[in-house]
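Visitor: Please take me through one part of this model in detail. I would like the packing around a single residue, and then its wider setting.

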Amino acid sequence: EWIGEKMTKHLKNMLLVIVAVIITAIGASITVKANVGVGAYEALNMSINQLSGIKIGTLAIILNITCVGIQWLLMKKDFSLRQLFQIPVTLILGQVMNLMLYTVFSGLTIDQYWVKIAMVILGGIIAAIGVGSMMALNYISMPLEGACMAFSNRFGFNFGKVRQIVDVLLIAAALLIAFSTDTAITVREGTIISMLLFPPSMNFVYEKIRSSAAAQGLSIDLD
């Protein structure tokens, strides 16, 4: 019976993670479609997309699976089998982004600047709901966060600082591509809005879910 309960909780958490990832992908797609600058992670994907023509969601899959590989290399025997669930989650994220950007939004043209800024804010809030929910579930991490956490644990650095440095490196790489190849700059005012809006919104969602679960006497964590 105890095993059955644990399996039910695993399945429930997996489904909730998938829902959170779909929400995240929709939010990220809205900010990409606004085309006034995106977060550090999407900025690099968009820059590579302009160079190679590879779809943005597909690039997200490649980058995320690379991050899972980095976690495995850094953590070795501490890398749990559950973390492999990041791979199907990443595939869902990338495919939903491709569906949104190349099918749902394909015929959509936005000319008004204020609508684009509104889309960056809306997309950022939606993505923050998705990522904040995933963090509150504490079932698996997003691959990039997982890689940063593995790096900070292995070498004794502060996770927040490592995550910030990675953002700076991603933005630097996106700018380097733009300046050296004559492609459009993907780091713009939307990037600054995302950097200011996303962390507090994500933290707000995380705290709300954790506190409401605690108030109802629910245990979210499996461990």
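Guide: Start at M134. This is a predicted model. Neighbours within four places in sequence aside, M134 is in contact with V17, A20, V21, Y139, I140, S141 and M142. The helix α5 spans 113-137.

Now the core. The largest nonpolar core holds 44 residues, and V17, V32, M97, M134, I140 and L170 touch the most other members. At least two residues of this core come from each of α1, α2, α3, α4, α5, α6 and α7. The top contributor is α1, with eight residues.

Next, Q83. Its place is the loop between α3 (56-75) and α4 (86-104). Q83 has a relative accessible area of 12%, so it counts as buried, the cut-off being under 20%. Beyond four places in sequence, Q83 is in contact with Q71, Y139, I140 and S141. Y139, I140 and S141 are also among the contacts of M134.

Last, the open space. The largest pocket has a volume of about 1,400 Å³. Its lining counts 48 residues, with V131, M142, E145, R163 and M202 the closest to the centre. M142 is one of the contacts of M134 too. Each of α1 (2-34), α2 (40-52), α3, α4, α5, α6 (143-155), α7 (159-181) and α8 (189-215) supplies at least two lining residues. The largest share is from α6, with eight residues. By type, the lining has 27 nonpolar, 15 polar and six charged residues.

Key. Residues numbered from 1 in each chain as written. Predicted model: local features only at pLDDT ≥ 70, side-chain atom pairs only at ≥ 80, totals over all residues. Heavy atoms only, no water. Helix = DSSP H or I, 4+ residues; strand = E, 2+ residues; numbered from the N terminus. Buried < 20%, exposed > 50% of the residue type's maximum accessible area, 1.4 Å probe, protein only. Contact = heavy atoms within 4.5 Å. 1 Å grid on protein atoms, 1.4 Å probe; cavity = no way out; pocket = protein on both sides within 12 Å on 5 of 7 lines; lining within 4 Å. Points joined across faces, edges and corners; volume = space filled by probe spheres on them. Nonpolar A, V, L, I, M, F, W, Y, C, P; charged D, E, K, R; others polar. Core = buried A, V, L, I, M, F, W, Y, C linked by side-chain atoms within 4.5 Å.
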